Amino acid sequence: MTEALTSPLITAIYEDQAGTVAALLRQGASPSAPDADGETPLYLAAVSGQAELVRLLLEAGATPDTESRGEPGSEGLPLCAAACWGHEEVVRALLAHGADPNLGEDDGTSYTPLMWAAENGHHRTAQLLLEGQADPDAGHRGRTPLMAAAERGSIAVARALLRHGASPQLTDAQGRTAWHLAREESGKDVESELRRKAGASPDSRCEFQRSPRPEGTELVELIVRAPDGTHAAEYHRETGHAAIVALLEENAPD
């Protein structure tokens with residue numbers, strides 16, 4: 001009976017039907033069991049930012065650190081998914097129910113939640129993770145959250161990391177510190193850099209959007225569309241590189 005309820009539970013989560021999810025859980029649906037494709041209910045709710053569903057699943061006994069093994073887009077750790085997309089309320093709920101903020105995806109070999117938050121410039125999410133005892137220097141293959149924030153230009157994330165003890169002296173595989181990465185990007189044209197990163201074909205349609213950030217910088221978003229107008233991909237960058245250079249120089253050891 002429990003297994004028979006798994007597929008309807010997954011469907012209800014995709015459709016954001018909180019009432020149906022609650023009813024299925026009361027009937028005995030497992031809040032943790034994956035479906036035939038390896039997707040777990042908690043991951044799917046977390047990656048979509050469905051905080052109410054996440055709380056329902058956790059209160060029903062879903063294990064917060066079970067990794068989803070579905071297809072791309074439905075694989076990974078719930079906390080990593082929430083951190084990647086900046087779903088603050090989901091992050092709060094997962095941490096409150098014991099999710100490990102230092103656990104990396106791919107069985108501990110890949111990004112931690114804090115790395116995902118830093119890579120994507122989610123400073124409030126990064127702050128929540130740091131307050132939840134995330135290691136500010138836990139990175140991936142020599143790249144730390146501070147390096148990720150510096151390269152992206154996310155001054156708010158860099159400040160949060162430094163306040164919680166991130167080391168600006170650590171170096172990546174090329175011997176570069178976060179300061180070097182921010183310095184390399186400082187003064188570059190952000191739109192040109194995003195075009196380069198996207199590798200958009202000459203016939204692609206590129207649209208830029210700029211949004212002010214509270215810290216006085218901008219979030220620059222590149223939307224790449226196929227020639228037929230269909231949406232292809234989005235790329236983001238911030239303009240805080242010069243501010244990060246100054247901040248890291250202030251925090252340099254004497």
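The structure is a predicted model.

**The chain as a whole**

The fold is built from 14 helices and five strands. A compact globule of 254 residues would have a radius of gyration near 18 Å, and the 20 Å of this chain therefore agrees with that expectation. Further values for the chain are collected below.

| Property of the chain | Value |
|---|---|
| Span of the C-alpha trace along the principal axes | about 60 × 50 × 30 Å |
| Accessible surface | about 12,000 Å² |
| Distance between the mean positions of positive and negative charges | 7 Å |

Carbon and sulfur atoms account for 46% of the accessible surface. The charges comprise 21 positive and 40 negative ones. Of the 254 residues, 47% count as buried, a term that here means under 20% relative accessible area. When contacts between residues at least 6 apart in sequence are considered, 60% of them join residues at least 24 apart.

**Helix α13**

Helix α13 covers residues 190-198, and its buried residues are Val190, Glu193, Leu194 and Ala198. Viewed down the axis of α13, these buried residues fall within an arc of 135°, so they line one face of the helix. The elements that cover the buried residues of α13 include the helix α12 (178-185). Strands also contribute to this cover, among them β3 (205-212), β4 (218-225) and β5 (231-238). After α13 comes Gly199, which has a positive phi, near 60°.

How values were computed
Residues numbered from 1 in each chain as written. Predicted model: local features only at pLDDT ≥ 70, side-chain atom pairs only at ≥ 80, totals over all residues. Heavy atoms only, no water. Helix = DSSP H or I, 4+ residues; strand = E, 2+ residues; numbered from the N terminus. Rg over C-alpha atoms; globule rule 2.2 N^0.38 Å. Buried < 20%, exposed > 50% of the residue type's maximum accessible area, 1.4 Å probe, protein only. Contact = heavy atoms within 4.5 Å. Areas by Shrake-Rupley, 256 points an atom, 1.4 Å probe, with all protein chains shown as cover. Lys, Arg positive; Asp, Glu negative; His and termini not counted. Charge placed at Lys NZ, Arg CZ, Asp CG, Glu CD. Arc of directions from axis to C-beta.
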